[in-house]
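Okay, thanks for coming, everyone.

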Amino acid sequence: MILSDKYKLLRKNFRNFAETEFTTEIQEQLDREGGFNWDLHYKMAKYGFMGIKLPVEYGGQGGDTLAYVLMVEEFARVCPVLSIYANTPNSLGSGPLLTCGTPEQKKKYIPPLASGEKKIVFALTEPGAGSDAGGTLTRAVKDGEYYVLSGRKCFISGAPLADYAVIYAKTNPALKGNKGISMFIVDMKLPGVSLGKPELKMGINGYPTSDIILENVRVHESDLLGPLDKGFSTALKTLDGGRLGVAAQSLGIAQCCLEESIRYAKERKQFGRPIAKFQAISFMIADMATEIEAAREMIYSTALAKDAGEKDAPMKCSMCKLFASEMANRVAYKAVQIHGGYGYMRDYKVERMYRDARITTIYEGTSQVQQMVIAGNLLK
Amino acid sequence: MRIYVCVKQVPDTSGKVAVNENGTLNRASMETIVNPDDLSAMEQALEIKDQTGCRVTAVTMGPPPAEGMLRELIAMGADDGVLISGREFGGSDTYATSQIIAAAIRHLGLEEEDIIFCGRQAIDGDTAQVGPQIAEKLDISQVTYAGKVEMDGKLVRVMRLMEDGYMTVEAQTPCLITCVKELNRPRYMTVRGILECYDKPVTVLDYEALKDEPLIDPGTIGLAGSPTNIFKSFTPPQKGAGVMLEGAGREAVRGLVERLAARHVI
């Protein structure tokens with residue numbers, strides 16, 4: 001897609017920021033030690049990256065979905081985990097609030113997210129309920145002006161850092177499947193909220209993930225988000241934005257793998273010439289580049305379709321996530337292969353990219369769930 | 001108070017430098033960037049704007065595409081941009097360039113508390129002449145090589161970075177200050193800044209707009225008004241293959257020292 005001057009300038013700025021600020025030292029430290037880099041979080045917030053597509057009236061930057069995917073792509077190209085820092089408040093964190101929130105809830109919760117002062121996380125998954133959200137066991141029982149929440153959420157990205165969590169809980173057990181589930185904004189400092197230990201992950205280290213445990217947590221009814229008993233079906237409508245974000249993250253990972261492979265293949269000599277001169281290697285690079293370009297066109301045009309409110313945009317977001325994440329894994333595999341033994345060593349960036357790529361076909365809906373969504377749309 | 005920041009769009013010389021067959025620089029095939037010292041000048045102006053709320057204007061002389069660079073500087077925080085552009089201005093050396101920029105600033109108005117910031121030098125011409133010449137032509141004080149700038153009412157205190165140390169100079173506004181890269185780390189553009197920079201004003205000043213200024217005279221601007229002319233440019237010859245010095249340690253070192261001394265390296 002031919003980008004206008006405005007989007008080219010945005011991309012240039014994202015690239016310059018990521019290449020300058022996401023230093024190799026910071027990336028390696030995050031990968032080795034986990035934790036979270038607050039300095040980078042605040043720096044990203046200062047330039048408006050946390051609220052890039054949030055409305056100006058709520059303290060956001062008023063950008064659109066194309067600006068958002070360009071940012072995630074450019075950030076992930078340098079460091080996939082740091083792309084999550086700015087991705088979350090723009091997608092999963094603010095999505096349910098923007099679609100379902102009352103004006104009071106939006107005014108209270110969105111501006112501090114856009115400015116980076118507060119963090120909100122999305123808590124749907126449970127030990128027994130991942131792809132099948134209908135298996136949600138967390139309960140919310142009405143008691144006067146309060147709902148009393150009990151249950152356990154797992155794999156919650158950013159939970160150890162969060163000020164608030166959007167929690168999905170069953171409010172009407174008589175209703176089956178996705179029905180009878182409601183959303184609540186839960187202040188993480190409320191009595192009865194506790195955290196599990198940070199999970200040890202294969203990749204994307206540097207953005208901690210843990211359980212959230214709720215024991216008789218009293219949430220005021222003003223923090224019920226969206227209509228009672230219809231929380232999940234309403235929330236589903238916000239997930240497509242996050243899926244496009246993961247697609248853009250996959251695209252950035254793949255682009256990095258391609259660039260590293262080209263550089264290495266031109267430098268590395270075997271049998272008296274650079275390995276790039278061998279057809280087996282050069283054809284791998286051609287395939288990688290072609291798949292990346294296909295994903296890029298798909299993601300950019302879906303971003304436009306989403307903002308234009310086109311009916312099939314949510315399905316296209318699933319297609320982008322499915323194709324781009326699987327593509328990133330194929331590309332990362334080839335990148336390690338081109339690097340040979342060195343590609344298996346931590347000193348070479350493709351090793352980390354290979355591990356980081358693996359999550360993209362799993363979180364925010366597995367590839368199989370995306371296939372269900374796409375098929376469901378086509379076979380109605 | 002208004003701050004003018006004089007900026008130049010230059011080819012990015014950090015990558016591959018493309019050269020035409022006749023030896024001149026192939027500018028068309030190279031990426032353009034904001035001259036690095038000028039970015040530090042802009043950052044200094046924006047820091048003063050953060051403190052005082054003053055108006056910051058980015059001024060450049062160049063072909064119409066240089067407007068894109070002005071938009072970038074507006075996205076960083078400048079309030080507006082001025083593009084001095086016209087065929088009559090082409091081919092100017094430092095004398096003619098500073099003549100035209102000084103005329104443009106006089107045309108826009110220079111008040112008693114105003115400051116002009118420039119970069120120390122541009123990475124393409126590498127002369128470091130334009131800033132001081134603008135100050136001379138406007139008849140205002142100049143301080144070069146600024147490594148730190150402090151405002152104290154109408155007094156500006158500048159730390160000048162010298163080769164072997166620094167000196168502190170005080171100057172009265174209006175004055176011109178040229179900045180070095182060591183002064184600061186320029187900020188990035190903000191997202192909102194980029195989204196809005198295409199709606200902010202960029203004034204284009206052509207020959208018609210400036211021709212009544214006393215400094216503008218067909219005999220002192222452009223190629224015709226330039227006292228210096230580039231006679232020839234060429235690519236420096238590439239170094240040949242390396243030479244291995246034979247012999248034992250002492251002998252080889254003596255040979256190395258002789259070679260370096262012969263080339264005036266030491």
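Helix 5 of chain A gives the biggest share of the lining of the largest cavity, three residues. By helix I mean a DSSP run of H or I with at least four residues, and by strand a run of E with at least two, both numbered from the N terminus. A cavity here is a set of points, on a 1 Å grid over the protein atoms alone, where a 1.4 Å probe fits but cannot get out, and a lining residue has an atom within 4 Å of a point.

Quick housekeeping: this is a predicted model, so local features need pLDDT of at least 70 and side-chain atom pairs count only at pLDDT 80 or more, while totals for chains, interfaces and linings use all residues. Residues are numbered from 1 along each chain as its sequence is written, chains are lettered from A and ligands numbered from 1 in the order written, and side-chain values use heavy atoms, leaving out hydrogens and water.

Back to that cavity. Its volume is about 70 Å³, meaning the space filled by probe spheres set on the points, with grid points joined across faces, edges and corners. Besides helix 5 (80-90), strand 1 (120-123) of chain A also supplies at least two lining residues. Among the residues around the hole are A:His41, A:Tyr85, A:Lys118, A:Lys119 and A:Tyr207. By class, the lining has seven nonpolar, two polar and two charged residues. For that count, Ala, Val, Leu, Ile, Met, Phe, Trp, Tyr, Cys and Pro are nonpolar, Asp, Glu, Lys and Arg are charged, and the others, Gly among them, are polar.

So why does this cavity lie between two domains? Because domain 1 (5-115) and domain 2 (120-229) of chain A both give residues to its lining. Those domain bounds come from an automatic or database assignment.

How do helix 2 and helix 11 of chain A pack? At an angle of about 50 degrees, with their axes 12 Å apart. Axes are lines fitted to C-alpha atoms, for helices over the stretch in contact, and angles run from 0 to 180 degrees between N-to-C directions. That pair is therefore oblique; under 35 degrees counts as roughly parallel, over 145 as roughly antiparallel, 65 to 115 as roughly perpendicular, and the rest as oblique. Helix 2 of chain A passes helix 11 of chain A in a left-handed crossing, where the near helix is turned anticlockwise from the far one by less than a right angle, clockwise being right-handed.

Helix 11 of chain A has another partner: its axis and that of helix 10 (residues 313-339) of chain A come within 9 Å and cross at roughly 160 degrees. Those two are therefore roughly antiparallel.

Last, the backbone. Most residues other than glycine have a negative phi, and most peptide bonds are trans. A:Phe271, though, has a positive phi of about 55 degrees, and sits in the loop between strand 9 (269-270) and strand 10 (273-274) of chain A. Over in chain B, a cis peptide bond joins B:Thr173 and B:Pro174, with omega about 0 degrees.

Technical notes:
1 Å grid on protein atoms, 1.4 Å probe; cavity = no way out; pocket = protein on both sides within 12 Å on 5 of 7 lines; lining within 4 Å.
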